[in-house]
Amino acid sequence: QNSAEIQRLVRVGQLNIDVKTVNLKNMATALVGTIYGTIKIFVPLEGVIDLETEKKRMHSDILQKRKSLEALIARLNNPDFSAKAPQDVVIKEKERLESLIKEISALEGVLASLS
């Protein structure tokens with residue numbers, strides 16, 4: 001019902017809305033949480049950006065997030081950290097761990113779709 005407004009805001013010539021769309025090759029993908037649920041947005045990239053450069057950037061981002069994930073896991077597995085850190089800090093670190101896992105998974109999915 002808001003497709004014309006979305007089209008105007010993002011300045012696209014064509015907007016397709018489909019509740020059963022699957023991942024498409026060479027598309028940027030974004031997940032947007034709304035009060036109605038999660039919306040998956042696809043933007044064609046071929047001819048718009050250098051896909052090889054984008055793949056390298058995403059691969060680098062994934063590696064960086066994996067290093068952060070490993071460090072966070074080591075910190076949470078450290079008995080001294082768990083014993084000495086305030087409970088709210090431990091909870092935030094566990095939430096950060098879950099977030100990193102989701103981010104890595106999402107990035108790997110997008111990277112796979114650019115292959």
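**Helix packing and salt bridges in a predicted model**

A salt bridge (a side-chain nitrogen of Lys or Arg within 4 Å of a carboxyl oxygen of Asp or Glu) joins Glu52 to Lys55, with the closest N and O atoms 3.2 Å apart. The model is predicted, so local features need pLDDT of at least 70 and side-chain atom pairs count only at pLDDT 80 or more, while totals for chains, interfaces and linings use all residues. Residues are numbered from 1 along each chain as its sequence is written, and side-chain values use heavy atoms, with hydrogens and water left out.

Glu52 and Lys55 both belong to helix 2 and sit 3 residues apart, about one turn of the helix. Helices here are DSSP runs (H or I, at least four residues), numbered from the N terminus. Glu52 is partly exposed at 47% relative accessibility, whereas Lys55 is among the buried residues of helix 2. Buried stands for under 20% relative accessible area, exposed for over 50%, and partly exposed for what lies in between (1.4 Å probe, protein chains only).

By the salt-bridge rule, the count comes to 7. One of these pairs Glu5 with Arg8, whose closest N and O atoms are 2.5 Å apart. These two residues lie 3 residues apart in helix 1, so about one helical turn separates them. Glu5 is partly exposed, with a relative accessible area of 39%, and Arg8 is exposed at 52%.

A further salt bridge connects Arg75 and Glu93, with the closest N and O atoms 2.3 Å apart. This pair links distant parts of the chain, as Arg75 is in helix 2 and Glu93 in helix 4, 18 residues apart. Arg75 is partly exposed, with a relative accessible area of 34%, but Glu93 is buried at 12%. Through salt bridges that share partners, Arg75, Glu93 and Arg96 form one network.

Turning to the helices themselves, helix 2 (residues 51-77) has 27 residues and reaches 38 Å from its first C-alpha to its last, close to the 39 Å expected at 1.5 Å a residue. The expected span is 1.5 Å times one less than the number of residues. Helix 4 also has 27 residues, and its reach of 39 Å is close to the 39 Å expected. The buried residues of helix 2 pack against helix 3 (79-84) and helix 4. They include Leu51, Met58, Ile62, Leu69 and Leu76, while those of helix 4 include Val90, Leu97, Leu100 and Ser113.

The largest nonpolar core has 17 residues, with Met58 and Leu76 making the most contacts inside it. Such a core is a set of buried Ala, Val, Leu, Ile, Met, Phe, Trp, Tyr and Cys residues joined through side-chain atoms within 4.5 Å. Helix 2 and helix 4 (87-113) each supply at least two of its residues, and the largest share, 7 residues, comes from helix 4. Leaving aside neighbours within four places in sequence, Met58 is in contact (heavy atoms within 4.5 Å) with Leu107, Val110, Leu111 and Leu114.

Apart from its neighbours within four places in sequence, Lys65 is in contact with Leu100, Glu103, Ile104 and Leu107.
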